[in-house]
Amino acid sequence: MESTLEQHLDDTMKNPAVVGVLCTDQQGHNLGRGSLSDEHGGVVSVLAKQAAALIKDPTDSPTVCLESESGNILVRSHGNITVAVHKIAS
C-alpha cells in the first residue's frame with residue numbers, strides 16, 4: 001500500500017504548479033515530496049484537527065488554505081489520512 005501512495009505522490013508532483021505534497025496518518029507516519037517534507041507532518045496534522053474542531057458537522061472535512069505571495073498550501077483530512085499540497089502562485 002505504501003508503494004501505491006508513493007506513486008500517487010510522485011504523480012501529483014508531476015503537475016507543474018505543485019511544488020510539494022505530504023501525507024500523514026494518525027500514528028505519525030509521513031510521506032513527503034518537494035517543499036513538504038516528513039518534518040512538516042505534525043504541523044499539517046494539527047492544522048487539520050483544529051480546523052475540524054471549528055465545524056459543527058462531524059462528517060464534514062474542512063480544507064485549510066494557507067495563502068502567501070509565493071503560493072498556497074491546501075490541507076485536508078480524508079479519514080485517517082491528512083494530505084497537504086503546496087502549489088505555486090500563478
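Tutor: The second largest pocket is lined by 20 residues, and those nearest its centre are Ala 48, Lys 49, Ser 77, Gly 79 and Thr 82. A pocket here is an open set of points on a 1 Å grid over the protein atoms alone, where a 1.4 Å probe fits and protein lies on both sides within 12 Å along at least five of seven lines; lining residues have an atom within 4 Å of a point. Keep in mind that this is a predicted model: local features need pLDDT of at least 70, side-chain atom pairs count only at pLDDT 80 or more, and totals for chains, interfaces and linings use all residues. Residues are numbered from 1 along each chain as its sequence is written, and side-chain values use heavy atoms, with hydrogens and water left out.

The volume of the second largest pocket is about 210 Å³, where a volume is the space filled by probe spheres set on the points, which are joined across faces, edges and corners. Strand 1, helix 2 (41-53), strand 4 (71-78) and strand 5 (81-88) each give two or more residues to its lining. Helix 2 supplies the largest share, four residues. Helices (H or I, at least four residues) and strands (E, at least two) are DSSP runs, numbered from the N terminus. By type, the lining splits into seven nonpolar, nine polar and four charged residues.

Five strands make an open sheet in the order 2-1-5-4-3, with antiparallel pairing. Strand 2 and strand 3 (63-68) are the edges, each pairing on one side only. Two strands pair if DSSP finds at least two bridges between them. Strand 1 and strand 5 run antiparallel and are joined by seven bridges. Thr 82, one of the residues nearest the pocket's centre, is the bridge partner of Thr 24.

On its other pairing, strand 1 is joined to strand 2 by five bridges, again antiparallel, with Leu 22 opposite Gly 32. These two strands form a hairpin with four residues between them, and Gly 28 in the turn has a positive phi of about 90°. Strand 4 is joined to strand 3 by six bridges, and the two run antiparallel; there, Val 64 stands opposite Val 75.

Strand 1 is also well hidden: seven of its eight residues are buried. Buried means under 20% relative accessible area, exposed over 50%, and partly exposed in between, using a 1.4 Å probe and protein chains only. Cys 23 counts as buried because its relative accessibility is 7%. Cys 65, at 35%, counts as partly exposed. The sulfur of Cys 23 has its closest cysteine sulfur in Cys 65, 18 Å away, so it is too far for a bond. A disulfide needs a pair of cysteine sulfur atoms within 2.5 Å, and by this rule the count is zero.

Conventions:
Ala, Val, Leu, Ile, Met, Phe, Trp, Tyr, Cys and Pro count as nonpolar, Asp, Glu, Lys and Arg as charged, and the others, Gly among them, as polar.
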